[in-house]
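Here's a quick briefing to read with the model open beside you. Have a look at the structure, then work through the points below.

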Amino acid sequence: MKKISLFGAVSTGVGMLIATSCFVSSASGSSAVGTPFVIAIVIACIANMLAVLSIAELNAIMPNLTGGIAQYTLAGLGPLLTIVTMVGGYLISNVFAAPAEGAMFANVMTEMTGKAIPPAVFSVGITIVLIFINLKGVNMSTLLQEIVAAFMVVSLLALGIIGVLGLGSGEQVAQDAVISSDLKDILPLTATAFWFFIGAEFIVPLGKDMKSPKKVPLSMVLSLGIMGIIQILLVFGFKNYTLWSDLGSAASPHVLYAVNMLGKWGKYWMIIVAIFAAVSTQNSIICSVSEICCGMAKMNLLPAFFQKKNKNGAPYWVIIILGVLTCIIEASGISTGEQVAFLTLTCSLFWMLSYITSHVNVIMLRRKMKNVPRNFKTPRFPLLQIVGIALQVYMMFNISTDPVQRRNIYILCFVLFAALFIYAFIWVKYRLKLPLLKGIGVHQVMMMESPEYHRIHSDLKNENNTNMGT
């Protein structure tokens, strides 16, 4: 199997981060306060960099694990919280994230072709194509990711630079750069900016296939840094070519910006960007989440069929389930900016909890395993973890600046977390028969990666069942 390069790993991270649905968040934040939104972007980027540093240390303790954060949490906090935070933070949240991107792609295509073709045809169609691509295995999806991510980075950087320097063929608008400089207006928007930086840790499950697994931390930080630069440039570009009020009300703000700046050629360019972004984000989600769920199944935290793989080495059950759920939500007809924002913010809240869990895992394992060698340790322990947790908690309490939307997000997340907690409690207590909140030894967690471990445990279980029968 061909090993993944640093470029391939960064491509996966950037591919997950770069999404046209980010334009809804960017438009929302920019239209609220103007260019000071970049302050919120920087804070959100720092918060997520702190999160991936903790994840990098966890990966250094237990490298090359397919379940990634799930396995770290199993060792640090036990099986109950592992199931709740990981299934919520990755499986459920990405069931919201993928359709949001599909909806943005469909909006662009509908603007281009008219309303003769229902938007859901475009979003569902591209998801089905990506399901088949990922069923061909991780190498094929990573190759696709490298091509797509390179195009996306170059395109969005160019769109930002053209806007900032005023090089577009369209007429520049006259408007104030600053709508509000009050930190009470700016800081709550960090939760809005958080969406730009979700998913860099999806590089972790690919560590076992990288040429140099030690470059996992660098890959994650580079992915976040690239995305931060792109978003800051776009905010200043918006100021020159799009009225703040128009930007906030547009269903496809990226198309509005590109057309205002470059005319019809901007529209064509944005169509290509929308296609590549939908491919990039959904491909990263399907590829990485399937590996995470496969790793969780190895630990018996999910049903065993989640780890079944086809001849190409793809965990086909997870890919199919995730793809089908994505298609169902896309077929429901989501299209407005408000609907997309609701999906992305709900997804963000789940993700924030998983990042808090990662920081807590580092604190727990530093205490339990202080003498275990690590090729990477976060500096200034535990200061960075405490700051990271504080930033995530602040964003959770400010998940939306709209009180009604915030309440609806909390209600939905409460219902989903309650259902997850009930499932996890029953599964751990009666299926696994393990202590709910007691961490499992790191060595045992790492041994779970081996097929031999599961063969021995299966043989012992069969032997016990035979003895009971006699």
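**A buried charged pair and its surroundings**

Glu-57 and Arg-366 are both buried, where buried means under 20% relative accessible area, exposed means over 50% and partly exposed is in between, with a 1.4 Å probe and protein chains only. Keep in mind that this is a predicted model: local features need pLDDT of at least 70, side-chain atom pairs count only at pLDDT 80 or more, and totals for chains, interfaces and linings use all residues. Residues are numbered from 1 along each chain as its sequence is written, and side-chain values use heavy atoms, with hydrogens and water left out.

**The salt bridge**
- Glu-57 pairs up with Arg-366 in a salt bridge, with 2.6 Å between the closest N and O atoms; the term means a side-chain nitrogen of Lys or Arg within 4 Å of a carboxyl oxygen of Asp or Glu.
- Glu-57 sits in helix H3 (residues 37-61) and Arg-366 in helix H15 (residues 337-368), so the pair ties together parts that are 309 residues apart in sequence.
- By this rule, the count comes to 1 salt bridge.

**H3 against H10**
- H3 and helix H10 (residues 216-241) pack at about 170°, and their axes are 9 Å apart; axes are lines fitted to C-alpha atoms over the stretch in contact, and angles run from 0 to 180 degrees between N-to-C directions.
- That makes H3 and H10 roughly antiparallel to each other, a label for angles over 145 degrees.
- Residues of H3 including Phe-37, Val-52 and Asn-59 meet residues of H10 including Val-216, Gly-228 and Phe-236, contact meaning heavy atoms within 4.5 Å.
- By class, this H3 and H10 contact has 18 nonpolar, 5 polar and no charged residues; Ala, Val, Leu, Ile, Met, Phe, Trp, Tyr, Cys and Pro count as nonpolar, Asp, Glu, Lys and Arg as charged, and the others, Gly among them, as polar.

- Thr-192, in helix H9 (residues 190-194), counts as buried at 9% relative accessibility.
- Not counting residues up to four places away in sequence, Thr-192 touches Ser-25, Ser-28, Gly-29 and Phe-37.
- Ala-278, in helix H13 (residues 264-298), is buried with a relative accessible area of 0%.
- Leaving aside neighbours within four places in sequence, Ala-278 is in contact with Glu-101, Phe-105, Ile-126, Leu-130 and Asn-283.

**The whole chain**
- The chain has 19 helices and 0 strands, taken as DSSP runs (H or I, at least four residues, for helices; E, at least two, for strands) numbered from the N terminus.
- Of its 470 residues, 56% count as buried.

Notes: Parallel < 35°, antiparallel > 145°, perpendicular 65-115°, else oblique.
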